[in-house]
Amino acid sequence: MAAVIGLARGSKVPNILQCCHRATKTPLPVRYKYRDQLKYGIYAAQPALVKDCALESARLCIMRATKTRQLYMVKAQVAKTKKPLGSRMGKGKGKIDHYVANVKAGKILFEFECDSEPNALEAFKQVNHRLPIRLHLRIKPPEKKEIWTNF
């Protein structure tokens, strides 16, 4: 039984949830929080801190590839400080160096409109090169969402 399922270290109880075990390092599935207000959305597939300059570079890539102004972008609101080079320890906290966005897995980064799908795929490819995390592209489903009112 230990060979098939596996035993947790120092335990006599078999580890049934093998995908969550530290030895396998298999990530848990990402739960995407889809917004679907515009046609295309770019979502984070892993958590990270993304600098504001990287987000701005990705925004420019989207605007150049799709030639649109209809764009939603996550804002970098967390300030990161840094002491000047060569300063000694102590004497308080350093000045604000840059801002970052705290991105969780499944959170939306960009949402935009585009007339043609090849241009949107090219924009996603460019954004994928600019940002330091794995991304996921979502195309809004064509049908409307049904809201049930009669139960």
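**Close-up views of a predicted model**

**View 1. Helices α1 and α2 cross in a right-handed way.** A crossing is called right-handed if the near helix is turned clockwise from the far one by less than a right angle, and left-handed if it is turned anticlockwise. This is a predicted model, where local features need pLDDT of at least 70 and side-chain atom pairs count only at pLDDT 80 or more, while totals for chains, interfaces and linings use all residues. Residues are numbered from 1 along each chain as its sequence is written, and side-chain values use heavy atoms, with hydrogens and water left out.

**View 2. Here is how α1 packs against helix α2 (residues 117-130).** Two packed helices are described by the angle between their axes and the distance between those axes. For α1 and α2 the angle is about 160° and the axes are 9 Å apart; axes are lines fitted to C-alpha atoms, for helices over the stretch in contact, and angles run from 0 to 180 degrees between N-to-C directions. The two helices are therefore roughly antiparallel, a label for angles over 145 degrees. On the α1 side, the contact (heavy atoms within 4.5 Å) is made by Ala 54, Ser 57, Ala 58, Cys 61, Ile 62, Ala 65 and Thr 66. Asn 119, Ala 120, Ala 123, Gln 126, Val 127 and Arg 130 take part from α2. By class, this contact has 8 nonpolar, 4 polar and 1 charged residues. Ala, Val, Leu, Ile, Met, Phe, Trp, Tyr, Cys and Pro count as nonpolar, Asp, Glu, Lys and Arg as charged, and the others, Gly among them, as polar.

**View 3. A salt bridge joins Arg 35 and Glu 111.** Their side chains meet at 2.8 Å, N to O; a salt bridge is a side-chain nitrogen of Lys or Arg within 4 Å of a carboxyl oxygen of Asp or Glu. This pair links distant parts of the chain, 76 residues apart: Arg 35 sits in the segment before β1 (40-44), and Glu 111 in strand β6 (residues 108-112). Helices (H or I, at least four residues) and strands (E, at least two) are DSSP runs, numbered from the N terminus. Arg 35 is partly exposed at 30% relative accessible area, whereas Glu 111 is buried at 1%. Buried means under 20%, exposed over 50%, and partly exposed in between (1.4 Å probe, protein chains only).

**View 4. Asp 36 pairs with Arg 138 in a salt bridge.** The closest N and O atoms of Asp 36 and Arg 138 are 2.8 Å apart. Again distant parts of the chain are linked, with Asp 36 in the segment before β1 and Arg 138 in strand β7 (residues 135-139), 102 residues apart. Asp 36 is buried at 12%, and Arg 138 is buried at 19%. Take a look at the backbone too: Asp 36 has a positive phi of about 55° although it is not a glycine. Most residues other than glycine have a negative phi.

**View 5. Within helix α1 (residues 52-66), Arg 59 and Glu 56 sit 3 residues apart, about one turn of the helix.** Arg 59 forms a salt bridge with Glu 56, the closest N and O atoms being 2.4 Å apart. Glu 56 is partly exposed, at 31% relative accessibility.

**View 6. Lys 91 lies in the loop between β4 (78-82) and β5 (95-103).** Phi of Lys 91 is near 65°, a positive value in a residue other than glycine. Lys 91 is exposed, with a relative accessible area of 79%.

Key
Angles under 35 degrees count as roughly parallel, over 145 as roughly antiparallel, 65 to 115 as roughly perpendicular and the rest as oblique.
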